[in-house]
Amino acid sequence: MIDRTPVSQAVARNIQSLIQRGEFPAGERLPSQRFLAEQLGVSRPSLREALMTLETLGLIHTYPGRGTFVVDHTSAPDVPDSSTWRYSERFAMQDVFEVRMLLEGQLARHAAQMATADDIAVLIAATDAMEAAWARQDLIANVEEDLKFHRHVASKSRNPLLSQHYEQVAAYLAETQRQPIPFTAVNRMAESIAEHRAIIQALHTRDADVAEAAMHEHIRNTATCAGISI
């Protein structure tokens, strides 16, 4: 299980900023990993983890034998590319989405029974921050707030073993939240935000059935965006 450390996330955010400022232009090859690691003052493992995150988000793409290039979104594919699924040698992406349906649906039911007013406030703040990050195209922050939302829902389970199981597979689940980003239209992100708010409303009214259904709908739509039918 790969642990995304704060260092690697900070590196990913730094490189994202360099790309957005045009210091690494679209279509251009990135410097070597050795040079980048020295330039950014980080270890090679942290850099590699950051680059994998950026590739999943569709900002860069690695071509064997050629190097890593900044994606030119004017000619980027408009269909999901499963070749960037980093856990393909262990599990299919569809397998992980199916686990999300089973696990997070039940966790949403529990959260409807356990969430406090403070928890609702945390979820609202995460959703607002996720929406704001997308508006400024900060993809790193957008996904971080998305992960914060789902993780907080999971933390409110009345079954500690269920919450523990979520944490054990969190790296796989998180990747399914990054994977659709390159293929997410503006209207789909607006829909995703609305789905978060529907989940929050169900938790606020303590309606476990609606919370589970809303979570299932959200995960199913996210899967569709990644080219997966569940």
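Predicted model: local features only at pLDDT ≥ 70, side-chain atom pairs only at ≥ 80, totals over all residues.
I begin with the cores. The largest nonpolar core comprises 36 residues. Within this core, the residues with the most contacts are Phe97, Leu103, Phe149, Val153 and Leu203. Seen by element, two or more residues come from each of helices H4 (93-114), H5 (117-135), H6 (139-155), H7 (160-168), H8 (170-178), H9 (186-204) and H10 (208-225). Of these, H4 contributes the most, with nine residues.

Let me take Val153 as an example. Which residues does Val153 contact, once its neighbours within four places in sequence are set aside? They are Leu107, Ala108, Ala111, Leu123, Leu203 and Met215.

I now turn to the helix pair. Two packed helices are described by the angle between their axes and the distance between those axes. For H4 and H7, the packing angle is about 140° and the axes lie 11 Å apart. H4 is therefore oblique to H7, and the crossing of H4 and H7 is left-handed.

Which residues make this contact? From H4 they are Leu103, Glu104, Gln106, Leu107 and His110; from H7 they are Leu162, Ser163, His165 and Tyr166. Sorted by class, the contact of H4 with H7 has four nonpolar residues, four polar residues and one charged residue.

Two residues link both parts of this talk. Leu103 is among the residues with the most contacts inside the largest core, and Leu103 also takes part in the contact with H7. Leu107 is in contact with Val153, and Leu107 likewise belongs to the H4 side of the helix contact.

How values were computed. Residues numbered from 1 in each chain as written. Heavy atoms only, no water. Core = buried A, V, L, I, M, F, W, Y, C linked by side-chain atoms within 4.5 Å. Buried < 20%, exposed > 50% of the residue type's maximum accessible area, 1.4 Å probe, protein only. Helix = DSSP H or I, 4+ residues; strand = E, 2+ residues; numbered from the N terminus. Contact = heavy atoms within 4.5 Å. Axes fitted to C-alpha atoms, helices over the stretch in contact; angles between N-to-C directions. Parallel < 35°, antiparallel > 145°, perpendicular 65-115°, else oblique. Left-handed = near helix turned anticlockwise from the far one by under 90°. Nonpolar A, V, L, I, M, F, W, Y, C, P; charged D, E, K, R; others polar.
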